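Thanks for coming. Please have a look at it before I start.

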Amino acid sequence: MAGAKKNFKATKKFEKKHLKGVLDQRKATAKIKQRQQLKAKKQVKKSKDAEFYKGGEDGEKANKVNGSKKTANVNDMSVDDFFGGGFEIIEKSQPSKKTSKKLGKRKRDEPNEDEGASDDGSDIDISEDEIPVASGSEDSDDEDVEDIGMSKSAMDALAEDDPEFYKFLKENDPEALEFDDADLAEVDELSAGEEEEQPKKKRKKEKKQRGTDDEDGDKADNELTQAMVARWKAALTERHSLKAARQVVLAFRSAAHLNEDDEDESRKQPYKISSPEVFHDILIVALKQIPEVIQHHVPIKESSSGRVQVPTDSKKFKTLSNLLKSYISAIIHLLGTLSDDATLKLTLSAITPVIPYVLSFRKLLKTLIKTVVGFWSQSTSSDSTRITAFLVLRRLVVVGDKGIREAVLKATYQGLIAGSRVTNVNTLQGINLMKNSAAELWGLDQNIGYTTAFSFIRQLAIHLRNSIVHNQNESYRTIYNWQYIHSLDFWSCVLAEHCSPLKEAESGKESQLKLLIYPLVQVTLGAMRLIPTATYFPLRFHMIRSLLRISRSTGTYIPLASALLEVLNSAEMRKSPKPSTIKPLDFHVAYKAPKSYLRTRVYQDGVGEQVVELFSEYFVLWSTNIAFPEFALPVIIMLKRWLKQSRKKTGGNNNNKVRAGLVLLVQKLEANAKFIEGKRAKVDFAPKDRAQVDAFLKDFEWEKTPIGAYVVAQRKAGAEKAKMLEQARKEDERKRKEEEQEALEENAAELDSEDDEMEDFDEDEDNSEDDSEDDDDEE
C-alpha cells in the first residue's frame, strides 16, 4: 500500500512538473518529422518531373541501366519486391510511362498538422505574434503534396533541353507555362472544364490573345499591364474563372508587397507593377471580385440564427484553401501600408464576405483579428474606418465558435484600453465611438459575454484592492488614470445597453449580464473614494456619470447623493475662492485638476456647476416615484444647511454663482416633492400593494415634472455651450494653422532673399575679377 501511494505521488509530481514539457517535445518532434517527409516527397516529385521532360537519349539510357539492374537482381527479389517495383514495358512509343509510374499514397500515412487544434478555438492566443507567410506555405502542409502541378524549375529545364517543344507550348497553350506559385497550382485543375464549355472559335481567339499578352509580358519582364487586368476581370465576371482568380491573387500579392523585392530577394514577387493606374485596377478587381468568385464556387449556408455552414470537406474548398490563405495574407500585409481612408475602408470591407472560409485557419485568423482591432482602436483612424473594422469584428462574433468569440472580445477590450491611453478633445469622440460599438459585441453571445466581462471586472477590483492594501506613494496611479476610468465607463455602457427592460422584453428572458451590476457599482464607488481630495473631483464626476447611466437604463437604485455632498462639504467649497483669470477647466477631458486651479474662483465655479447638474440628473431618475418627497428630504436639508453656512461673514463662501445654482436646485426639488404629494393624495391603495406602487405615474412623462422641466432646460443650455466651445476650438485651430503657414512662408521668403543676396555677391565678385583682368591687360 505504501508503495502504491509512493508511485501515485511520483506520478502526480511527474504530471505537475514534466508532463507538459514531454508532450510539447513529442509534438515538436512529430511536426519536424512530418515536414521532413513532405520535403522529401516534394524533392522526389521534382526529380520525376525533370526526368519526364528530359526524354530522348538520357531517358533511354536510364531505362537501359535500370532494366539491366532489375534483370541482374531479379533472382534475389522476393515476390512482394517484384510486384512492388513495377513493370518495365519495352516499347519505344511510350518511353515516359515507366518514369511517371508511381505508387498510390496511403491515407493513414498522410501528415496532419492540425491534430492539436481544437474545434472550440481555444488555440487562439492574442498575445502571440505570428505573422503568416504571404503564400500560406506554413499552413499548406495538410494538403496532398503529390497533387501539385509541375514546378517552374522543370519548365526551365524543358526550355533548355527541348526549346522547340517549349516554343510549341508557348504558342498553343501559354497557361501551361504559368507556374509562378506551386501553392496555387491546384486551382487550375478545377478550371479544366471552363474552356470546354466555350465555342471553339472563342477558345482559339482567347488563346491567341493570351499568347500575344504573354509574349509582351516576357518582353517586359513580367510587367503587369491594364490589358491583363481587364482580361482577368472579364473572366471573373463572365465565367468566375479560377485560373483568372489565381492570377489576380498573385498580382494582388505583388501589389501588397510592392517595392520590397530589393529588400528580400528570396521572396521575389511574380509580377512587377510600375504604373499607379495598374496598381489601382488590380486592387479594385481583387478586393471586389475575388470574394464573389469564392462564394460562387464554394457557397455557404447560413441559418436564421447567424450560424454558417462551410463545406470544408469538399475538394474545391481544399484546393482553394491555399488561394484563400494567400489572399487574406496579402490583405493583412496591404493594410499595414495604407493610409488613405477610402482604400482602408475598401480593403477592410473585402474581409467580411470571406470570414466564414477563414474560420478553419486559426493562425491566420489570429493575425487577422489583431490587425482589424488595431485599425479599430487607432486614434488616427477616421470614424468610417473604425465602423468598417467593427463590422468585421461583429461578423467574426456572429459566425465564429466559442473560442473565436472569446478571442475577439478579449482583443477588442485590449484594443479599447490601448486606444484610450491618450484622452483629449481630439480623441474623445473616437473613444466614445469605440465604447458604444464594442458594447454591442457583448450582447451577441451573453454566455461568453458574461464570463469575459466578469473576468475583466474582477481584474479591475483586484487592481483597486492592491492599491488600497499596498498604500504606497504611487500605488494609486494604477487606478487614477484614463484607462481605468474608460474601463469602468465601458462596462457601464455594456450593462446599460443589454440589461434594460426593453432589451429583456425583446429577448423574453432576464439578461445574464444583470448579475454584474452589483460588483461594477461597488468597484466604481471604491475607486471614487480612494483619494477624496479636490484634485480628483473631475474623476469623481466621470464615475458618477457612469453610475447614472446604469441607473437610468436598468432602473437600479444607486446611492449617489452622499458622494456629491462630500464635494460640497470639502474645504475647497466651504471657503471663499481666490480671484483668477486662468482658462476654465474642461471637465470632460480632465480627471485631475492642476495645482494652479485649486482654491480659485474658476475651479470652484466649475465644480459648483457639475454638482448642480449631477444632482438634478440623479433626482430626475426618480421624479415620478411615489416616495420622491421622502427620498429628496435629506438632501434638501443638507443643501439648506450648506447655504446657511456659506452666508456667514467669517468662514463662509461668498461665491454667489455657486449659491445661486444650489438655491435654484433646492426650489426645484421642493416643487417636485409638492407635485408628488398632490398626486399621491388621490390614490386609494396602501404602501404594501407593490403592484400599484410601481404603477404610480408610470405613464406620466418625466419632462413635465418640475425637476424634469429644469433638467431639459439645463441639457439644452449645456448642448449650446458645448457647441460654442467646439466652434471656438475649431477657430483657434484654424488660426494656429494659418500662423504656422505664414511662418513657413516667411522662412521660405527669407531663404529666397538670402539666396538672391548670395547670387548678387557672386556676381559682384565675378565683375571685380573681370575688371582686374581688364586692368592687367591694359597694363
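How many aromatic pairs does a search of the whole structure find? The search gives 27 of them. Keep in mind that this is a predicted model.

Let me take two of these pairs. In Trp 442 and Phe 490, the ring centres are 5.4 Å apart and the planes stand at 75°. Planes over 60 degrees apart count as edge-to-face, so this pair is edge-to-face. The two residues are 48 apart in the chain, and the pair links distant parts of it. Trp 442 lies in the loop between helix 19 and helix 20, while Phe 490 belongs to helix 21, which covers residues 482-498. Both Trp 442 and Phe 490 are buried.

The second pair is Tyr 480 and Tyr 536. Their ring centres are 4.6 Å apart with the planes at 55°, so this pair is called tilted. Tyr 480 has 3%, so it counts as buried. Tyr 536 has 8%, so it is buried as well.

Rings also gather in a cluster. One aromatic cluster is formed by Tyr 557, Phe 615, Tyr 618, Phe 619, Trp 622, Phe 628 and Phe 631. A ring can also have a charge over it: the charged end of Lys 325 sits over the ring of Phe 361, 4.9 Å from the ring centre.

Now to helix packing. Two packed helices are described by the angle between their axes and the distance between the axes. For helix 18, residues 402-419, and helix 20, the angle is about 35° and the axes are 10 Å apart. The crossing is right-handed. Helix 18 makes the contact with residues including Leu 409 and Tyr 413, and helix 20 with residues including Ile 448, Gly 449 and Phe 456.

Last, the whole chain. The protein chain has 31 helices and 2 strands. Of its 779 residues, 39% are buried. The chain exposes about 45100 Å², and carbon and sulfur atoms supply 51% of that area. Among contacts between residues at least 6 apart in sequence, 74% join residues at least 24 apart.

How values were computed. Residues are numbered from 1 along each chain as its sequence is written. This is a predicted model: local features need pLDDT of at least 70, side-chain atom pairs count only at pLDDT 80 or more; totals for chains, interfaces and linings use all residues. Side-chain values use heavy atoms; hydrogens and water are left out. Helices (H or I, at least four residues) and strands (E, at least two) are DSSP runs, numbered from the N terminus. Buried means under 20% relative accessible area, exposed over 50%, partly exposed in between (1.4 Å probe, protein chains only). Contact means heavy atoms within 4.5 Å. Accessible areas come from the Shrake-Rupley method with a 1.4 Å probe; for residues, only the protein chains shown count as cover. Rings of Phe, Tyr and Trp (its six-membered ring) pair if their centres lie within 6.5 Å; planes under 30 degrees apart count as stacked, over 60 as edge-to-face and the rest as tilted. A charge sits over a ring if NZ of Lys or CZ of Arg is within 6 Å of the ring centre and within 35 degrees of the ring normal. Axes are lines fitted to C-alpha atoms, for helices over the stretch in contact, and angles run from 0 to 180 degrees between N-to-C directions. A crossing is left-handed if the near helix is turned anticlockwise from the far one by less than a right angle, and right-handed if clockwise.
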